[in-house]
Amino acid sequence: MSITHRTHSDLSALDRAPVWLNSEPLTAEELRGRVVLVDIWTYSCVNWLRTLPYVSAWAQRYRDRGLVVVGAHCPEFGFEHDLDNVRHATRELDVDYPVVIDNDFAIWQSLANRYWPALYLADRDGKIRFHHFGEGNYEETEQAIQQLLGIDEKTVRVDAGGLAEAADWDSLKSQETYIGYGQGAGRADSPAQLPLNHWALSGNWTVEEESAVLSAAGGSVTFRFHARDLNLVLTPPTSGASDSFTVLLDGQPPGNDHGLDINELGEGTVDEPRMYQLVRQRRGAERAFEITFRDPGVRAYVFTFG
């Protein structure tokens with residue numbers, strides 16, 4: 001008589017996850033014999049958005065050759081705990097591989113993770129053999145996938161544009177900046193003559209732990225930045241409502257420097273909770289950014305740059 005001993009899987013936290021999108025629940029035992037890429041993400045994170053085309057390309061290219069990609073959605077902000085928001089974002093961003101909802105961070109903690117985004121690659125026995133934090137190193141990650149699959153071929157070519165376009169690292173001089181008091185930094189008392197990487201609120205705002213909420217119509221946020229792109233995570237006043245806003249650069253409409261979510265006049269609308277790309281310049285430069293909202297109730301969470 002022979003006895004087979006199963007080794008502990010580093011993916012065992014998947015067994016306790018009750019909510020999945022794009023798939024029936026997957027357990028560590030069901031995944032044995034497959035190479036598994038666990039992608040730690042949260043849908044408003046610009047760093048994850050810039051990795052998505054690569055993760056999607058790997059999921060498509062290798063799914064019939066032994067790879068399973070699992071997106072573990074670990075929310076950073078309160079609105080990202082809402083299953084309907086995550087489900088909508090998954091559809092809008094064309095995330096078609098299995099997604100597990102990790103609102104209690106059980107999977108995050110089981111991997112001792114600390115970052116968005118993060119990739120963990122497990123072999124056919126469920127043991128983590130490779131990890132990468134943040135953006136970049138796409139070729140190295142794909143080569144690790146191929147090694148565990150027993151494949152040796154050219155890596156995939158990805159055309160990443162729009163929200164997914166890589167940052168202009170050579171000119172980037174502004175970093176992620178939170179507006180809520182929990183992690184907020186760089187706030188000035190007045191928008192006049194802001195130093196680089198400082199910001200200010202104008203109007204009637206209430207600053208909470210995660211965000212600042214506009215309490216009366218006509219409030220503004222001003223930021224002096226140096227980057228090609230400026231993004232801002234926003235939520236509308238109430239579920240199903242919207243709020244219009246106007247963006248100025250150095251006191252003028254942005255023209256050709258407008259982002260994907262506004263027009264040349266700087267006009268845009270907050271109609272869902274997500275990241276909004278408000279500025280995309282030809283190259284990074286120092287500018288004074290100002291966004292003014294028409295109605296109260298909108299929330300501003302974090303500036304990110306590229």
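Is Cys45 buried or exposed, and at what relative accessibility? Cys45 counts as buried, at 7% relative accessibility, where buried means under 20% relative accessible area, exposed over 50% and partly exposed in between, with a 1.4 Å probe and protein chains only. The model is a predicted one, in which local features need pLDDT of at least 70 and side-chain atom pairs count only at pLDDT 80 or more, while totals for chains, interfaces and linings use all residues. Residues are numbered from 1 along each chain as its sequence is written, and side-chain values use heavy atoms, with hydrogens and water left out.

The cysteines lead on to the matter of disulfides, a disulfide being a pair of cysteine sulfur atoms within 2.5 Å. The count comes to zero disulfides, and for Cys45 this is because the closest cysteine sulfur, in Cys74, is 11 Å away, too far for a bond. Cys74 is likewise in no disulfide, with the sulfur of Cys45 as its nearest cysteine sulfur, and Cys74 counts as buried at 0% relative accessibility.

The sheet comes next. Helices (H or I, at least four residues) and strands (E, at least two) are DSSP runs numbered from the N terminus, and two strands pair if DSSP finds at least two bridges between them. Strands of a sheet pair through backbone hydrogen bonds, either parallel or antiparallel. Here six strands form an open sheet of mixed pairing, in the order E1-E4-E3-E2-E5-E6, and its edge strands are E1 (20-21) and E6, each of which pairs on one side only.

Within this sheet, E3 (residues 67-73) runs parallel to E2, to which seven bridges join it, with Val68 of E3 as the bridge partner of Val36. E3 also runs parallel to E4 (residues 99-101), through three bridges, and Ala72 has Val100 in E4 as its bridge partner. In a regular strand the side chains alternate between the two faces of the sheet. Both faces of E3 are covered, with Leu67, Val69, Gly71 and His73 buried on one side and Val68, Val70 and Ala72 buried on the other.

E2 (residues 35-41) and E5 are joined by five bridges and run antiparallel, and the bridge partner of Asp39 in E5 is Leu119. E5 (residues 118-122) in turn pairs with E6 (residues 128-133) in the antiparallel sense over five bridges, with Leu121 and Phe130 as bridge partners. E5 and E6 form a hairpin with five residues between them, and in the turn Gly126 has a positive phi of about 85 degrees.

Helix H4 (residues 83-92) has Asn85, Val86, Ala89 and Thr90 as its buried residues. These residues cover an arc of only 135 degrees around the axis, which puts them on the same side of H4; the arc is that of the directions from the helix axis to the C-beta atoms. On the other side of H4, Asp84, Arg91 and Glu92 are exposed.

On a 1 Å grid over the protein atoms alone, a cavity is a set of points where a 1.4 Å probe fits but cannot get out, and lining residues have an atom within 4 Å of a point. The count comes to two cavities of 30 Å³ or more, a volume being the space filled by probe spheres set on the points, which are joined across faces, edges and corners. The largest cavity has a volume of about 50 Å³, and its lining includes Cys45, Phe77 and Glu176.

Methods:
1 Å grid on protein atoms, 1.4 Å probe; cavity = no way out; pocket = protein on both sides within 12 Å on 5 of 7 lines; lining within 4 Å.
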